[in-house]
Amino acid sequence: MKLKLDIDPDIVAMMAAEIAAGERAVTAAMREAGTGLKSAWRLQITGAGLGTRLANSIRSQNFPRSGESLDAAALVWSKAPVIVGAHDTGPLIRSKNGFWLAIPLPAAGKSLRGGRITPGEWERRRGLRLRFVYRRTGPSLLVAEGRLNTKGQAVVSRSKTGRGKVTAPIFLLVPQVKLPKRLDLARDADRALDSVPGLIVANWAEGRL
């Protein structure tokens, strides 16, 4: 007994069309999920008061970069992973050398390099020496003898009489700091992942219309 199987060209065309529709649906779904997650993370960051600059560090990339595939994927990441990760996990921060963390007060001003100024940079820029003040019931201090300018920052006093001279607290000294958890990136990632099947179905059905 000999069997012969003939495949209808119409069936082959239908199968090819279904595969193509699936590729379009999966690719579109992953693109939507990735873009949505990127927007959700950026919104979380700005909503937490961390600024648009950090929010814009969130990027996304679709794979394949061009064309369509049943294996399409989306990658969402931050170009500042250490900062974003710290606000996402709320870690305990300790000094690297085991001594103190110096937290600048308003009288310290800001670093010329951006971010927080260090005691060493402050002394070099201001021409003043910092003095350690130990306190039993609160954070210890680094203080300086000088005057406060119009911005409330400590500077060298030029007065020969000592008028306007103050002892200004410049840095708080603490052994460790617990950074508050201000983000929940996993929540939005789980939502994006859960949305993928529905997005595939919706895009597949839309492609048939």
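Reader: Which residues does Val 196 touch, not counting residues up to four places away in sequence?

Author: Val 196 touches Ala 29, Met 30 and Ala 33 when residues up to four places away in sequence are not counted. Contact here means heavy atoms within 4.5 Å. Before we go on, this is a predicted model: local features need pLDDT of at least 70, side-chain atom pairs count only at pLDDT 80 or more, and totals for chains, interfaces and linings use all residues. Residues are numbered from 1 along each chain as its sequence is written, and side-chain values use heavy atoms, with hydrogens and water left out.

Reader: Where are Val 196 and Val 201 found?

Author: Val 196 is in helix α5, residues 185-208, and Val 201 lies in helix α5 too. Helices (H or I, at least four residues) and strands (E, at least two) are DSSP runs, numbered from the N terminus.

Reader: Is Val 196 buried or exposed?

Author: Buried means under 20% relative accessible area, exposed over 50%, and partly exposed in between (1.4 Å probe, protein chains only). Val 196 has a relative accessible area of 14%, so it is buried. Val 201, at 56%, is exposed.

Reader: What does helix α4 show?

Author: Helix α4 covers residues 119-126 and holds Arg 125, as well as Pro 119. Arg 125 is partly exposed, with a relative accessible area of 34%, and Pro 119 also counts as partly exposed, at 24%. Leaving aside neighbours within four places in sequence, Pro 119 is in contact with Ala 102, Leu 130, Leu 142 and Phe 171. With residues up to four places away not counted, Arg 125 touches Lys 110, Ser 111, Leu 112 and Ile 117.

Reader: How many helices and strands are there in the protein?

Author: There are 5 helices and 9 strands. From the N terminus on, they run α-α-β-β-α-β-β-α-β-β-β-β-β-α. The protein is more spread out than a compact globule, because its radius of gyration is 30 Å, well over the 17 Å that the globule rule gives for 209 residues. That radius is taken over C-alpha atoms, and the rule is 2.2 Å times the number of residues to the power 0.38. Along its principal axes, the C-alpha trace spans about 115 × 30 × 25 Å.

Reader: What volume does the largest pocket have?

Author: Rolling a probe the size of a water molecule over the atoms shows where empty space is left. On a 1 Å grid over the protein atoms alone, a pocket is an open set of points where a 1.4 Å probe fits, with protein on both sides within 12 Å along at least five of seven lines; lining residues have an atom within 4 Å of a point. The largest pocket has a volume of about 750 Å³, counted as the space filled by probe spheres set on the points. Of its 21 lining residues, the closest to the centre are Ile 93, Pro 104, Gly 115, Arg 116 and Leu 179. The elements that give two or more residues to this lining are α3 and β4 (101-104), and β4 gives the largest share, 4 residues.
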